[in-house]
Amino acid sequence: MTSEETWLWIAGAAVLGVVVLLVWVVIKKGQPFTTGDVFRASRWSAGNRLFPTQVAITPTSVSHYTPQWFGRKDQSIHMAHVASVEIDTNLFFSNLLIETSGGSEPVRCHGHRKRDAIEMKRLINEFQTAYYRDKRV
């Protein structure tokens, strides 16, 4: 092998290493960010190709999580501050608008499967009903 061929092999290996690293980062950041009811937007929807948005719904809060190359964007709303949940179903995917009673910006989630959007709304309604039922006692 000549020195030129050696450098081509080294450059090819370096490029392959960078590509493998980037693919690993994209896969790792696309995994659920917490346990429980986590709904991930489809990678086929706009804006979710590399890092799909995720929504976690617990008995006490709704968390909207968007991974980024460096860091993440995370918004959490206590269940008592969820005012309404609106589902906009399109041909393939659904968009959710979760409005708060505190006057802050609503949470906008797009690109979820229709059945996931319906399940998210059902869980929020169920957890809110349980939350306010327990508060009356």
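The model is predicted, so local features need pLDDT of at least 70 and side-chain atom pairs count only at pLDDT 80 or more, while totals for chains, interfaces and linings use all residues. Residues are numbered from 1 along each chain as its sequence is written, and side-chain values use heavy atoms, with hydrogens and water left out.

Val 18, Leu 22, Leu 50, Trp 69 and Phe 70 make up a nonpolar patch on the surface. Together they have about 550 Å² of accessible area (Shrake-Rupley method, 1.4 Å probe, only the protein chains shown counting as cover for residues). Patch residues have over 30% relative accessible area and no salt bridge, and nonpolar side chains (Val, Leu, Ile, Met, Phe, Trp, Tyr) are joined within 5 Å, like charges within 9 Å. A salt bridge is a side-chain nitrogen of Lys or Arg within 4 Å of a carboxyl oxygen of Asp or Glu.

Leu 50 lies in the loop between β1 (37–40) and β2 (54–57); strands are DSSP runs (E) of at least two residues, numbered from the N terminus. Leu 50 is partly exposed because its relative accessible area is 40% (buried is under 20%, exposed over 50%, partly exposed in between; 1.4 Å probe, protein chains only).

Rings of Phe, Tyr and Trp (its six-membered ring) pair if their centres lie within 6.5 Å; planes under 30 degrees apart are stacked, over 60 edge-to-face, the rest tilted. This gives 2 aromatic pairs. Phe 51 and Trp 69 are edge-to-face, because their ring centres are 5.0 Å apart and their planes at 85°. This pair links distant parts of the chain, 18 residues apart: Phe 51 is in the loop between β1 and β2, Trp 69 in the loop between β3 (61–67) and β4 (72–78). Phe 51 is buried at 8% relative accessible area, whereas Trp 69 is partly exposed at 40%. Tyr 131 and Tyr 132 also pair edge-to-face, at 5.1 Å centre to centre and 80° between the planes.

Conventions: Helices (H or I, at least four residues) and strands (E, at least two) are DSSP runs, numbered from the N terminus.
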